[in-house]
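Colleague: I would like to learn how to read a model of this kind. Could we take it feature by feature?

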Amino acid sequence: MSKSRKRFVAGARCPKCQALDSIVLYKDNGVETVECIECGYHEQQTEAKVADKAQGQVIGLFKPE
């Protein structure tokens, strides 16, 4: 069971409560998860879904270890 450390996403706004700078991003068993520390909102997606949502030109990918 692999769970990476949670990282804040600077400038991100929660889609539910609209709180600024309250979103954390982490991976749990290969599933990317975003979570709001203010209201508890969370959304999960696999890497395939992340790649499908990417649009335009990609300059670089940030892959924390």
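Colleague: Is serine 22 buried or exposed?

Modeller: Serine 22 has a relative accessible area of 1%. The cut-off for buried is under 20%, so serine 22 counts as buried.

Colleague: Which residues is serine 22 in contact with, leaving aside its neighbours within four places in sequence?

Modeller: On one side of the list are Phe8, Ala12 and Cys14; the others are Glu35, Cys36, Ile37 and Glu38.

Colleague: Where does aspartate 21 lie?

Modeller: Aspartate 21 also belongs to the loop between β1 and β2. Its relative accessibility is 42%, so aspartate 21 is classed as partly exposed. The backbone of aspartate 21 has a positive phi of about 60 degrees, although the residue is not a glycine.

Colleague: What is phi of glutamine 18 near?

Modeller: Glutamine 18 has phi near 65 degrees, a positive value in a residue other than glycine. Glutamine 18 is placed in the loop between β1 and β2, and with a relative accessible area of 43% it is partly exposed.

Colleague: How should I read aromatic pairs, and how many does the structure hold?

Modeller: In general, a pair of aromatic rings is described by the distance of the centres and the angle of the planes. Here there is nothing to describe in that way: the structure holds zero aromatic pairs.

Colleague: What sits over the ring of tyrosine 26?

Modeller: The charged end of lysine 6 does, at 4.9 Å from the ring centre.

Colleague: Which elements does the protein have, from the N terminus on?

Modeller: The order is β-β-β-β-α, that is, four strands and one helix.

Colleague: How much of the protein counts as buried?

Modeller: Of its 65 residues, 15% do. The accessible surface comes to about 5,300 Å², and carbon and sulfur atoms account for 52% of that surface. Among contacts in the protein with a separation of 6 or more, 16% are between residues 24 or more positions apart.

Colleague: Where is confidence lowest, and where is it highest?

Modeller: The general idea is that where pLDDT is low, the predicted coordinates should not be read in detail. In this protein, helix α1 (residues 47-53) has the lowest confidence, at a mean of 59, and β1 the highest, at 93. For the protein, the mean pLDDT is 80, with 65% of residues reaching 70 or more.

Definitions and conventions
Residues are numbered from 1 along each chain as its sequence is written. This is a predicted model: local features need pLDDT of at least 70, side-chain atom pairs count only at pLDDT 80 or more; totals for chains, interfaces and linings use all residues. Side-chain values use heavy atoms; hydrogens and water are left out. Rings of Phe, Tyr and Trp (its six-membered ring) pair if their centres lie within 6.5 Å; planes under 30 degrees apart count as stacked, over 60 as edge-to-face and the rest as tilted. A charge sits over a ring if NZ of Lys or CZ of Arg is within 6 Å of the ring centre and within 35 degrees of the ring normal. Buried means under 20% relative accessible area, exposed over 50%, partly exposed in between (1.4 Å probe, protein chains only). Contact means heavy atoms within 4.5 Å. pLDDT is the predictor's confidence in each residue, from 0 to 100. Helices (H or I, at least four residues) and strands (E, at least two) are DSSP runs, numbered from the N terminus. Accessible areas come from the Shrake-Rupley method with a 1.4 Å probe; for residues, only the protein chains shown count as cover.
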